Amino acid sequence: MEKLSTQNKSHEMGLHSEKLSGRTQQRFFSAEESENFVYPFSFEVDYDKSGTIDAENLSSKEVNIEIRKLMEKGVGDITIKNPKSRHGLGVGILNRLKLTFEGSLGYFGCGLIDGPNIHIKGRVGWSCGENMMAGSVLIEKNAGSTFGAAIRGGDLICRGDVGARTGIDQKGGTIIVGGRTGAFSGFMMQRGRMIICGDAGINLGDSMYDGTIYVGGNIESLGVDAVEEPMSELDASWLKSKLDLYGIPTKNGVENMKKIVSGKQLWNYDNLEPSEKKLVL
Amino acid sequence: MSKNIDHFINTDGLDSSREKEIGQHIGYRYDVNLVPDLKYLTPFLKKYMEIMGWSDLNWLEDVHMGYEENRPAVFDRNINGWVSVPEDMNLPDSQQERDMIARELLIKFQMSEKHPLVDLNKAYRRF
């Protein structure tokens, strides 16, 4: 009876009669694409033109609007004084830009960015660089939990220690931690790279689907379906160049780091798929 | 990763009995964990890195040449879809070199006025 009602529902929704031809999302590269290097809607900025914002008496929204106003004027090097751990600073910047925070940030700092190079001279709260697309964020001190949550691209670096669930749901990009990371780092990671120079807490890489985690220190325990794999020469050379780029030291050298990947034993969605299809259709 | 670089172009990629049964390839059709070899950088990519102020490929490290319906293609995260490589383009026999071509093509596509993100930006930008 339950099956019958499901079938009726799918028929009512038009799943059996819907015409799919001619509705492809397929696109082709054109040989005539112009050679732009930035988004057409981004501001034209000059890295040699600098500006300063004093955030002492401004709200988070006001600071973010001031950043945009300076970019509109072509300023490419912006310094924020007195950020005072406000939440949501430096978010949604889809532009090339040098941005420096002379202090600490609160929750969700520098999220949803696509392009800027950000330097934070203090600490950051939860979810720094959340959903970051491109660019770099360098934090001089420590960071809170869910550092780089759902990051899709770019480099997110913390010289100090970070909290739990670092890179949860990571979909790309590189997360670098100079010190230690907490429990469940790399939880549900899908792709991208994570470099932990110090120790990692319990359940590292739990339920990771893909991606790579490199660890220089001790791993308290691996999570479900996270396994160790031998390092390749390409891994070591890439690690060296990446860590040298930000001046992050390793205790025992990159060649002695542990490489953690998905064991792919949880890739069993396909076993359910045929029965699910039967249920729906 | 298949030993034959053109495996997913020349075949449907259904290798295991399970894949044949469900009619689709399981997993990615390229190695998502392959880190880039910078000796294959193209002049265009070098210039892009210089303009953005990056010393390496940054977000492009996650861009690879994949395959859609037996055609070489690149996944564009901004439209959540595949963009096919022109058919007349000769592809080198190294995945690293193919990935660099994919990165260059993707930048040119994403930064063009014809990219769908331009219209979306006009329609939804708040301030």
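Which residue is the bridge partner of A:Asp114 in β6(A)? In this predicted model, local features require pLDDT of at least 70 and side-chain atom pairs count only at pLDDT 80 or more, while totals for chains, interfaces and linings use all residues. Residues are numbered from 1 along each chain as its sequence is written, and chains are lettered from A and ligands numbered from 1 in the order in which they are written.

The partner of A:Asp114 is A:Ala134. Helices (H or I, at least four residues) and strands (E, at least two) are DSSP runs, numbered from the N terminus, and two strands pair if DSSP finds at least two bridges between them. Strand β5 (residues 114-120) of chain A runs parallel to β6(A), and 5 bridges join them. On to the next pairing: β6(A) is joined by 4 bridges to strand β7 (residues 155-158) of chain A, again in parallel, with A:Ser136 opposite A:Asp155.

These strands belong to an open sheet of 11 strands in chain A, ordered β2-β3-β4-β5-β6-β7-β8-β9-β10-β12-β11 with mixed pairing. Its edges are β2 (46-54) and β11 (226-229), each of which has a single partner strand, so one side of each is left without a neighbour in the sheet. Strand β6 (residues 134-139) of chain A is largely enclosed by the rest of the structure, because 5 of its 6 residues are buried; buried means that 20 or more other C-beta atoms, placed from the backbone, lie within 10 Å of a residue's own.

A nonpolar core is a set of buried Ala, Val, Leu, Ile, Met, Phe, Trp, Tyr and Cys residues joined through C-beta atoms within 7 Å. The largest such core has 79 residues, of which A:Val137, A:Ile196 and B:Val74 touch the most other members. Its largest share, 7 residues, comes from α4(B). Beyond its neighbours within four places in sequence, A:Val137 has contacts (C-beta atoms, placed from the backbone, within 7 Å) that include A:Ile118, A:Ile120, A:Leu156 and A:Ile157.

Turning to the two chains, the contact takes 46 residues from chain A and 34 residues from chain B. Elements that each supply at least two residues to the chain B side include α3 (43-52), α4 (95-110) and α5 (116-124) of chain B.

Notes: Buried ≥ 20, exposed ≤ 12 C-beta atoms within 10 Å, placed from the backbone.
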